[in-house]
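Let's take a friendly tour of a protein chain, looking at its charged pairs, its inner spaces and a part of its surface. Keep the picture at hand and look up each residue as it comes along.

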Amino acid sequence: MDEKITVSIIKADVGGWPGHALVNPELMSIARKELEKQKGKALIDYYVSNCGDDLELIMTHRKGPDDEDIHRLAWETFEAATERAKELKLYGAGQDLLSDAFSGNIKGMGPGVAELEFTERKAEPIVAFFMDKTEPGAFNFPVYKMFGDPFNTIGLVIDPAATSGFTFEVWDIYEHKRVFMNCPEEMYAMLALIGAKSRYVIKRVFPREGGKLPTDEAVAAVSTEKLFEIAGDYVGKDDPVALVRAQSGLPALGEVLEPFSFPHLVSGWMRGSHNGPIMPVAQCQAKCTRFDGPPRVVALGFQLANGKLVGPVDLFDDPGFDNARAQAKDAADYMRRHGPFEPHRLPLADMEYTTLPKVLDSLKERFTPVE
Ligand code: F6R
Ligand code: MG
Ligand code: MG
């Protein structure tokens with residue numbers, strides 16, 4: 001079948017339960033009810049999930065990325081859930097819906113979006129990743145490892161369909177610019193950018209000539225929406241999502257998951273103001289209660305069958321990730337011992353986008369010149 005399929009993940013925090021810990025199951029039921037109405041119409045299939053306080057909508061359809069109908073459906077679903085969140089007085093009801101009315105595309109309105117359009121292969125494994133209490137740059141490290149690091153992905157060395165490497169689309173999310181970089185040959189320069197993960201963010205990954213797949217169909221996509229950029233004030237966090245295709249010339253499923261065996265440090269824990277380890281967890285453990293965290297990542301795996309989502313399989317529900325979780329717990333203890341000190345607390349430049357400037361403002365008058 002040659003027709004292209006689009007997989008869209010659109011997510012928003014429309015109310016926490018309690019505080020910023022979790023999504024209330026009633027909101028998930030509302031989301032399922034709304035999306036069910038469009039199954040067989042605008043949607044081929046859907047799956048509703050959550051990571052911490054973020055409501056995650058996975059939708060498959062044939063309308064391509066940035067489609068007005070699909071984005072409106074997600075927006076109206078979040079609105080319906082917000083209505084109930086307000087009745088239940090959930091925490092921060094509707095917090096990620098930054099606009100009063102939908103205007104054609106959900107981007108820039110608060111929710112996060114990751115979309116991939118591609119020709120479905122004979123067998124099409126995909127992984128949906130959801131992170132809570134962190135920012136889009138948290139995906140730089142694992143996505144680089146999957147598609148760029150032969151110590152993670154042996155396929156880059158021994159699978160002729162993968163040895164030509166991948167092209168990374170990197171966004172400067174402050175300047176709203178992007179650059180395409182070819183790996184392996186531009187790997188060092190690319191790391192110079194993506195190592196600075198609060199500014200340079202991997203948006204998409206494409207196959208290159210010499211592989212098995214069309215070079216214009218992305219194989220990975222990450223949501224890059226920054227809430228403070230949209231709202232002009234600190235309104236919550238930009239907990240990101242990603243979609244990754246696997247196997248047959250792409251990283252194997254196990255190579256897609258392997259980067260998460262190391263709980264790397266990410267920004268966004270407690271008040272969006274702290275660095276902490278990202279813990280890979282089973283979906284039932286995606287509940288952020290320790291110091292509103294620590295940051296978490298969930299991975300749901302599906303096989304696509306003409307757009308139908310066969311799954312999910314809860315991929316981090318595996319003792320193989322127990323050591324990563326144990327390390328994350330130790331790293332969380334170690335970081336927490338710093339209390340309000342950097343590098344647990346974010347560097348000042350990143351704190352600009354939190355509530356700190358208001359505290360500093362109140363001290364302005366008290367500063368006097370030093371002789
Ligand atoms: C929200 C988050 C939380 C809140 C914290 C304070 O995603 O990371 O850590 O920032 O609970 O929330 P407020 O200011 O709403 O009391
Ligand atoms: Mg929240
Ligand atoms: Mg969240």
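How many salt bridges does the count come to? The count comes to 26 salt bridges. Keep in mind as you read that this is a predicted model.

**Charged pairs**

Here are three of these pairs, with the separation of their N and O atoms.

| Salt bridge | N to O distance |
|---|---|
| Glu26 and Arg84 | 2.5 Å |
| Lys133 and Asp53 | 3.1 Å |
| Arg178 and Glu169 | 3.0 Å |

Start with the salt bridge between the side chains of Glu26 and Arg84. This pair links distant parts of the chain, 58 residues apart: Glu26 belongs to helix 1 (residues 25-36), and Arg84 belongs to helix 2 (residues 68-87). Glu26 counts as partly exposed because its relative accessibility is 34%, a value that falls between the limits of 20% and 50%. Arg84, with a relative accessible area of 24%, is therefore partly exposed too.

Next, find the side chains of Lys133 and Asp53, which meet in a salt bridge. They also link distant parts of the chain, 80 residues apart. Lys133 sits in the loop between strand 5 (124-132) and helix 3 (140-148), while Asp53 sits in the loop between strand 2 (45-51) and strand 3 (54-61). Are these two residues buried or exposed? Both Lys133 and Asp53 are buried.

Glu169 counts as buried because its relative accessibility is 1%, and the cut-off for buried is under 20%. Some salt bridges share partners, and in this way Glu135, Lys197, Lys226 and Asp238 are joined into one network.

**Spaces inside**

Now for the empty space. Rolling a probe the size of a water molecule over the atoms shows where such space is left. For this model, the count is three cavities of 30 Å³ or more.

The largest cavity holds about 210 Å³ of space. Its lining is made of 18 residues, and those nearest its centre are Glu135, Lys226, Asp238, Gly272 and Leu346. Helix 6 (227-231) and strand 11 (265-268) are the elements that give two or more residues to this lining. Sorted by class, the lining of the largest cavity has six nonpolar, seven polar and five charged residues.

Among the residues that line it are Ala161, Ser164, Phe166, Pro207, Arg208, Lys212 and Leu250. Its lining divides into six nonpolar, four polar and two charged residues.

**Out on the surface**

Which residues form a nonpolar patch on the surface? They are Leu348, Leu360, Leu363 and Phe367, and together they have about 410 Å² of accessible area. Phe367 comes in the segment after helix 11 (356-361). Phe367 counts as exposed because its relative accessible area is 65%, and the cut-off for exposed is over 50%.

Finally, look for Ala101 in the loop between helix 2 and strand 4 (112-119). Ala101 has 47% relative accessibility, so this residue counts as partly exposed. Between the C-alpha atoms of Ala101 and Lys177 there are 27 Å, and along the chain these two residues are 76 residues apart.

Notes
Residues numbered from 1 in each chain as written. Chains lettered and ligands numbered in written order. Predicted model: local features only at pLDDT ≥ 70, side-chain atom pairs only at ≥ 80, totals over all residues. Heavy atoms only, no water. 1 Å grid on protein atoms, 1.4 Å probe; cavity = no way out; pocket = protein on both sides within 12 Å on 5 of 7 lines; lining within 4 Å. Points joined across faces, edges and corners; volume = space filled by probe spheres on them. Helix = DSSP H or I, 4+ residues; strand = E, 2+ residues; numbered from the N terminus. Nonpolar A, V, L, I, M, F, W, Y, C, P; charged D, E, K, R; others polar. Patch = residues over 30% accessible without salt bridge, like charges linked within 9 Å, V, L, I, M, F, W, Y side chains within 5 Å. Areas by Shrake-Rupley, 256 points an atom, 1.4 Å probe, with all protein chains shown as cover. Salt bridge = Lys/Arg side-chain N within 4 Å of Asp/Glu carboxyl O. Buried < 20%, exposed > 50% of the residue type's maximum accessible area, 1.4 Å probe, protein only.
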